[in-house]
Amino acid sequence: MEDVKFHQCVRLSRFENDRTISYIPPDGDFELMSYRLQTSVKPLIWVEAVVETYSGSRVEYLVKAKAQFKRKSTANNVEIEVPVPDDADTPKFKCSNGSVSYKPERSCLVWKIKQFQGGKEFIMRAHFGLPSVQAAEDTEKKPPINIKFEIPYFTVSGIQVRYLKIVEKSGYQALPWVRYITQNGDYQMRMPESIKAAKHNATNDY
């Protein structure tokens with residue numbers, strides 16, 4: 001760990017002596033400790049996309065999402081936002097898990113997966129019509145894919161609270177309780193360049 005920072009309520013001398021974090025908590029929520037890890041960590045949820053455009057008439061997406069953490073953990077409320085052309089229309093979706101919706105006001109599609117177990121992989125296909133040729137060209141200039149999630153009872157760093165003791169002298173009954181949760185933070189992946197596909201009359205079944 002590097003750049004370890006404590007809230008001002010922490011008794012630093014106690015921590016330096018025996019690595020115990022002792023403090024009198026202030027009212028309300030507060031951040032007790034923050035730190036930075038130098039260890040490289042692979043993305044917990046890996047997303048890759050293949051984008052194919054067809055002569056400016058339509059664009060198709062193949063999106064794969066894989067949970068790269070242990071099977072005993074599960075990510076909840078996963079949302080994968082994939083940018084699409086501003087004037088895309090007639091959306092059609094098909095996915096192996098969850099649900100997909102089109103958000104025209106944000107120029108993106110949102111793939112929601114309520115529970116994503118570690119080690120699992122899911123696939124989503126999307127099809128949009130393109131009213132203008134310009135829309136097809138703009139697919140290469142779109143913002144990145146955004147991913148939101150939370151994984152309860154999981155820490156990327158592996159740091160755990162081994163012991164928690166509460167000294168209460170006012171007569172109020174306080175119960176020690178620790179919860180671990182990992183959230184996405186600023187989690188983005190770059191959109192790939194679109195593939196110019198040959199024009200054909202066949203259509204995919206969505």
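How many helices and strands does the protein have? The protein has two helices and 13 strands, each a DSSP run numbered from the N terminus (helices H or I, at least four residues; strands E, at least two). This is a predicted model, in which local features need pLDDT of at least 70, side-chain atom pairs count only at pLDDT 80 or more, and totals for chains, interfaces and linings use all residues. Residues are numbered from 1 along each chain as its sequence is written, and side-chain values use heavy atoms, with hydrogens and water left out.

**View 1. Overview of the protein.** Buried residues make up 31% of the 206 residues. Buried means under 20% relative accessible area, exposed means over 50%, and partly exposed lies in between (1.4 Å probe, protein chains only). The accessible surface comes to about 13,900 Å². Carbon and sulfur atoms hold 47% of that surface. Areas come from the Shrake-Rupley method with a 1.4 Å probe; for residues, only the protein chains shown count as cover. Among contacts (heavy atoms within 4.5 Å) with a separation of 6 or more, 73% are between residues 24 or more positions apart.

**View 2. The largest nonpolar core.** This core has 36 residues. A nonpolar core is a set of buried Ala, Val, Leu, Ile, Met, Phe, Trp, Tyr and Cys residues joined through side-chain atoms within 4.5 Å. Ile45, Val47, Tyr61, Ile80, Trp111, Phe116 and Phe128 touch the most other members. Strands that each supply at least two residues of this core include β3 (45-54), β4 (58-67), β5 (74-83) and β8 (108-117). β4 gives the most, with five residues.

**View 3. Surroundings of Ile80.** Leaving out residues up to four places away in sequence, Ile80 touches Val47, Ala65, Leu109, Val110, Trp111, Ile145, Asn146 and Ile147. Ile80 and Trp111 are both among the core residues that touch the most other members.

**View 4. Strand β8 and its partners.** Two strands pair if DSSP finds at least two bridges between them. β5 and β8 pair in the antiparallel sense over nine bridges. Pro83 has Cys108 of β8 as its bridge partner. β7 and β8 also run antiparallel, joined by five bridges. β7 and β8 form a hairpin with four residues between them. In the turn, Ser107 has a positive phi of about 50°.

View 5. A salt bridge is a side-chain nitrogen of Lys or Arg within 4 Å of a carboxyl oxygen of Asp or Glu. By this rule the count comes to five. Glu81 meets Arg106 at 2.6 Å, N to O. Glu81 is in strand β5 and Arg106 in the loop between β7 and β8, 25 residues apart. Glu81 counts as buried because its relative accessibility is 11%. Arg106 is partly exposed, at 42%. Glu81 also forms a salt bridge with Lys148, the closest N and O atoms being 3.6 Å apart. Lys148 lies in strand β10, so this pair ties together parts that are 67 residues apart in sequence. Lys148 counts as partly exposed at 39% relative accessibility. Shared partners join Glu81, Arg106 and Lys148 into one network.

**View 6. The Arg58 and Glu60 pair.** Arg58 and Glu60 form a salt bridge, with the closest N and O atoms 3.1 Å apart. Both residues, Glu60 and Arg58, are buried.
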